[in-house]
Amino acid sequence: MIMNKLKKDYFKIVDLKLDEATKKIEYLITQDRLDEANHEKIRRNVIDIFKKMYDVSLKKVYSYENKSVEDMNLKEFRKTYLEFFDTIPMTWLSSLQKAKENNDHEKIFIEELKIETKDKVKSYFEECWEGLYV
Amino acid sequence: MFDNSIKIFKSLSDNSRLRIVNNLLNGPMYVELLSERLNLSPSTVSFHLKKLEGAGLVFPKKEQYYVVYHLNEEILNKNLLSLVKIKDEEREKQDRRQEEYRGKIIKNFFEYGKLKSIPVQRKKRLVIISEISKAFEFGKEYTEKEVNLIISKFHGDFCTIRREFISEKLFTRENNIYIKVKEL
C-alpha cells in the first residue's frame, strides 16, 4: 500500500513535469526559440531517465529480496533509487569540469541544466517520501 | 570563408536573441534586467548573450558590480551584402576549380581539335558548346550556313550544336542571323 502510494504520488508529479516540458517544447518551437526548445528537451530527458530508474530500482530490490512489492524493504528501495542520482550524473560532472576548463559556455550551460534538473527530480521524490510519514 | 557571417546569422536566427538585441538597442543592460524584461531565466539570458558575444554582436563590460552588455554597432551596421560576399581568395579558388573541371572535360571530349562525341550530361555539354563558341566573334552576324560550317570543323552534327547555342542562350537568332552574345 505504502509502496503504491509513493509511486502514485511521485509519478503524478513527474508525469506533470514531463507533460509541461513537452508543451513548452512545442510552444518554443512555434516561437522560433530553438535553443530554448532544445534545453527543454534535455530537461525532459533527464526527468524521463529518473522516472525509468524508479522501476529499475523496484526490480532490483524486488529480485534480490525475493519479496512482493508490498513486503519490500522501503528503505532499501529508497537507498537503491537515490544511488542513481549519484551515479548517473558522474559523466555530466566530468563533462562540466572539462567544459569549464575549456571555457565552453554552451556545454557548461547544458551540463548545469542536467544537474539542476536531476536535483529537482530528486527533491520531488524526497517530498513524496516524506509525505508517506506525515 | 563565411565563418563569422555564419555565426552572426545563426545567432540572430532565434526569437529570444533578437529580442535581446532589440532591448540592447535602447542601451547597455545587465543580465538580470534583460531577464526581467524578457521573462527569461538569468541563466537562459546569459546563454543567449554568450552566443551573441561569440558572433561579435555584443560585448560585456564590467561596470561597478555588474557586467553590462553592449551592442557591437560596428557589426550591426554592416550591410547584408558585405556579410554574404565571399573573399577574393575564395573566389579565386572557386574559379580555379571550375577552370580545372573545364580543362578535364575538354581534354576528354576533344581529340586533335575535333569533338569525339556530344556529351549527354548538360553540365559537360555546356563546357563543350562554350568551347566551340570560341570560334565565333562576339557581336558579329553569322548566317546559318556560316554557323554550320564553323561548327562542322569540330563535329558533324552541327544542327544539334547550333540548336544548343540558342537554347543555352549563347547566341541570338533572328531572321536566320546568328549573333554570339555570351560565353560561359
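Chain B has 10 helices and eight strands. Those are DSSP runs, helices being H or I of at least four residues and strands E of at least two, numbered from the N terminus. This is a predicted model: local features need pLDDT of at least 70, side-chain atom pairs count only at pLDDT 80 or more, and totals for chains, interfaces and linings use all residues. Residues are numbered from 1 along each chain as its sequence is written, with chains lettered from A and ligands numbered from 1 in the order in which they are written.

Overall numbers next. Of the 184 residues in chain B, 22% are buried. Buried is 20 or more other C-beta atoms within 10 Å of the residue's own, with C-beta atoms placed from the backbone. Take contacts between residues at least 6 apart in sequence: in chain B, 49% of them join residues at least 24 apart. A contact is two C-beta atoms, placed from the backbone, within 7 Å.

Now the sheet. Three strands of chain B form an open, antiparallel sheet in the order S1-S3-S2. Pairing takes at least two DSSP bridges between two strands. S1(B), 29–30, and S2(B), 58–63, are at the edges with a single partner strand each, so one side of each has no neighbour in the sheet. S2(B) pairs with S3(B), residues 66–71, over six bridges. One of the bridge partners: B:Lys62 with B:Val67 in S3(B).

What lies across S2 and S3 of chain B? Helix H4(B), residues 42–54, running at about 115° to S2(B). Axes are lines fitted to C-alpha atoms, for helices over the stretch in contact, and angles run from 0 to 180 degrees between N-to-C directions.

H4(B) also meets H3(B), residues 31–38: the axes come within 9 Å and cross at roughly 110°. The two helices are therefore roughly perpendicular, a label for 65 to 115 degrees. H3(B) brings residues including B:Leu34 and B:Leu38 to the contact, and H4(B) brings B:Val45 and B:Leu49 among them.

On to the cores. A nonpolar core is a set of buried Ala, Val, Leu, Ile, Met, Phe, Trp, Tyr and Cys residues joined through C-beta atoms within 7 Å. The largest has 14 residues, and B:Ile20, B:Leu24, B:Val45, B:Leu49 and B:Val58 touch the most other members. H2 (15–24), H3, H4 and S3 of chain B each supply at least two residues. H4(B) gives the most to this core, three residues. Leaving out residues up to four places away in sequence, B:Val58 touches B:Leu24, B:Leu49 and B:Tyr69, among others.

Note on methods. A residue is buried if 20 or more other C-beta atoms lie within 10 Å of its own, exposed if 12 or fewer, and partly exposed in between; C-beta atoms are placed from the backbone. Angles under 35 degrees count as roughly parallel, over 145 as roughly antiparallel, 65 to 115 as roughly perpendicular and the rest as oblique.
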